[in-house]
Amino acid sequence: MMPNSAARSMYGSPRPSRPPFGRVWPLAQRSNRLGSIERFRPVLAQTPLLRVAPTAALDDLFARCELRTARKKGVLVSLGELVDSIYLIAAGRVRVQRSANNGREMTVGEYGLGEFFGESVLQAAGPSKETVLATEDVTVLRIRRDELLSHLQMFPSTGVSLTAELVRRLDRQNDTAADLALYEVEERLLRLIGRLAARDGERVSDGVVIRRMPTQQVLANQVGSCRETVSRTITALEKRGLIHTNGRMLILKT
């Protein structure tokens with residue numbers, strides 16, 4: 001159970017017991033809901049997960065979705081909450097993190113347009129082992145487990161794309177585990193910046209720019225360090241000319 005202070009919607013009014021999103025579409029508004037979902041279709045259809053999906057598969061998938069929104073810093077999924085759906089991000093970004101009894105946190109991943117969270121329901125519905133936070137105002141398409149499984153039976157190609165993305169995530173997690181075991185903080189941080197540049201960066205004249213870097217605390221969580229050490233390391237890397245920072249923007253020099 002969430003504490004009473006948290007048991008309110010992102011919009012300040014008492015929220016239903018679940019899900020903890022800012023807006024719930026009643027069945028009476030089904031046609032309006034589908035129309036709202038359809039406006040996200042053109043951009044989602046170009047994402048890696050859905051790019052190769054046939055029109056019939058997209059029609060079926062979007063017909064099974066429910067639209068959900070949450071504001072920045074809102075908790076989308078709480079630790080221990082029953083999760084029975086997978087969520088496809090239509091706008092905004094989220095952070096998935098785990099925490100220990102001693103209060104330390106680890107960022108599992110940050111996901112944006114066309115990516116998803118809640119994939120544990122592919123195995124079974126159950127309590128969440130993670131907390132999902134909105135790092136921006138976010139809109140997601142919720143697909144219940146039974147609806148997803150029905151869709152995958154009809155359109156196996158969606159399952160192939162889903163599996164490919166899960167393999168990519170596993171590769172990234174393996175890279176992170178190897179970094180923790182093999183490298184010191186500076187090298188771990190440089191390697192993480194390199195992966196972020198490869199995923200989100202834009203080539204410029206003197207390197208690759210990442211226009212919105214994670215916060216230093218998130219970076220620290222991901223490299224197994226503390227914010228103060230990451231801050232000192234970033235300063236040292238900048239003095240050596242390896243990176244250049246300006247607010248949340250970072251250029252990885254090449």
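**Packing and pairing in a predicted model**

Visitor: Does alanine 53 count as buried or exposed?
Guide: This is a predicted model, in which local features need pLDDT of at least 70, side-chain atom pairs count only at pLDDT 80 or more, and totals for chains, interfaces and linings use all residues. Residues are numbered from 1 along each chain as its sequence is written, and side-chain values use heavy atoms, with hydrogens and water left out. Buried means under 20% relative accessible area, exposed over 50%, and partly exposed in between (1.4 Å probe, protein chains only). Because its relative accessibility is 17%, alanine 53 counts as buried.

Visitor: How many Å apart in space are alanine 53 and serine 161?
Guide: Alanine 53 is found in the loop between helix H2 (41–44) and H3; helices (H or I, at least four residues) and strands (E, at least two) are DSSP runs, numbered from the N terminus. Alanine 53 and serine 161 are 108 residues apart in sequence, while their C-alpha to C-alpha separation in space is 8.7 Å.

Visitor: Which residues are buried in helix H4?
Guide: Helix H4 spans residues 145–154, and on its other side Asp146 and Gln153 are exposed. The buried residues pack against helix H3 (55–63), strand S4 (85–91), strand S10 (138–144) and helix H5 (156–182). Those buried residues of H4 are Leu148, His151 and Leu152.

Visitor: Why are these residues on the same side of H4?
Guide: The arc is taken from the directions running from the helix axis to the C-beta atoms. The residues lie on the same side of H4 because they cover an arc of only 100 degrees.

Visitor: At what angle do H4 and H5 pack?
Guide: Axes are lines fitted to C-alpha atoms, for helices over the stretch in contact, and angles run from 0 to 180 degrees between N-to-C directions. The axes of H4 and H5 are 5 Å apart, with an angle of about 110 degrees.

Visitor: How are H4 and H5 oriented to each other?
Guide: Angles under 35 degrees count as roughly parallel, over 145 as roughly antiparallel, 65 to 115 as roughly perpendicular and the rest as oblique. H4 is therefore, relative to H5, roughly perpendicular.

Visitor: Which residues of H5 make the contact with H4?
Guide: Contact means heavy atoms within 4.5 Å. H4 contributes His151, Leu152, Gln153 and Met154, and H5 contributes Pro156, Thr158 and Gly159.

Visitor: What is the order of the strands in the open sheet of 4 strands?
Guide: Two strands pair if DSSP finds at least two bridges between them. The edge strands, each pairing on one side only, are strand S1 (66–70) and strand S7 (116–117). The pairing is antiparallel, and the order is S1-S10-S4-S7.

Visitor: Which residue in S10 is the bridge partner of isoleucine 86?
Guide: S4 and S10 pair in the antiparallel sense over 6 bridges. The partner of isoleucine 86 in S10 is isoleucine 143.

Visitor: What angle does the direction of H4 make with that of S10?
Guide: H4 packs on the sheet, where it touches S4 and S10. Its direction and that of S10 make an angle of about 75 degrees.

Visitor: Which residue stands opposite threonine 245 in S14?
Guide: Strand S13 (residues 243–246) and strand S14 (residues 249–253) run antiparallel and are joined by 4 bridges. They form a hairpin with 2 residues between them, and glycine 247 in the turn has a positive phi of about 65 degrees. Opposite threonine 245 stands leucine 250.
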